Amino acid sequence: MENNSFGKLYLIPTTLGDNEPLEVLPISIKRTIENINFFIVENEKTARRFIKKISSKKSQSDLHLEALNKFTEPEMIPTFLQPCLDGKDVGVISEAGCPGIADPGADVVRIAHEKNIKVVPLVGPSSILLALMASGLNGQNFAFNGYLPIESGERRGALKRLEKLSRDSNQSQLFIETPYRNDKLFAELCKTLNPATKVCVACDLTLPTELIATKTVKEWSKETIDLHKRPTIFILQG
């Protein structure tokens, strides 16, 4: 059971791009940040900028930030929750979107549960769910697959497997790519998948340059589209 003497672990969503936080985030995010001084973040510089943008009067010198990313030693992660054990609330801030979803924040959340610390997820934008909502593809049965293999042959094989799984299970398959490799992945989609397979491309979600479109592979093959360095969710359904 959760220990009421402990502080809580708040999962704090951020914006998906450089827009005004309160255009896409509820006021509860602002109130939570104003009441917390201990944060676990992916990148200290961008986290401080986000906190300052959403609460300009909050003292930056009072902030205690711990970095949780691919360089973090696993044995250090439990120590980030010491303030919770001392009765203070801690916030987890992702680089974009919701902590714990395609994000290293899941590691600290798992440990919080093991220590009986109450975990509080706050409402905010998830590029995965926004893309699925707007795709017109199956939102009742879907899977997020993260990044596909980098090597071209392995990636084509992965695309064919996902297409077959989607067709056999009537399951939407979501995946992402490093933004500067988006165009190459899109070209391989058009060359590899069945012409009748539907593909949704959802990029720059919540931003003024947002693009969301669902077409067959045959239709996409006739399109010219620039996805270079634009955060994108791909969804296919065979």
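**Exercise 1. In which order do the strands of the mixed sheet stand, and which strands are at the edges?**

Step 1: This open sheet has five strands with mixed pairing, in the order β6-β7-β10-β8-β9. Strands are DSSP runs of E with at least two residues, helices are runs of H or I with at least four, and both are numbered from the N terminus; two strands pair if DSSP finds at least two bridges between them.

Step 2: β6 (142-147) and β9 (211-216) each have a single partner strand, so one side of each lacks a neighbour in the sheet.

A word on the source: this is a predicted model, in which local features need pLDDT of at least 70, side-chain atom pairs count only at pLDDT 80 or more, and totals for chains, interfaces and linings use all residues. Residues are numbered from 1 along each chain as its sequence is written, and side-chain values use heavy atoms, leaving out hydrogens and water.

**Exercise 2. Find how β8 and β10 are joined.**

Step 1: Strands β8 (residues 198-203) and β10 (residues 232-237) run antiparallel, joined by six bridges.

Step 2: Look at Cys200, whose bridge partner in β10 is Ile235.

**Exercise 3. Work out the strand order and edges of the parallel sheet.**

Step 1: Here five strands form an open sheet in the order β3-β2-β4-β1-β5, with parallel pairing.

Step 2: At its edges are β3 (64-67) and β5 (119-121), each pairing on one side only.

Step 3: Now follow β5 to its partner: β1 (residues 9-12) pairs with β5 in the parallel sense over three bridges, and Leu11 stands opposite Pro121 in β5.
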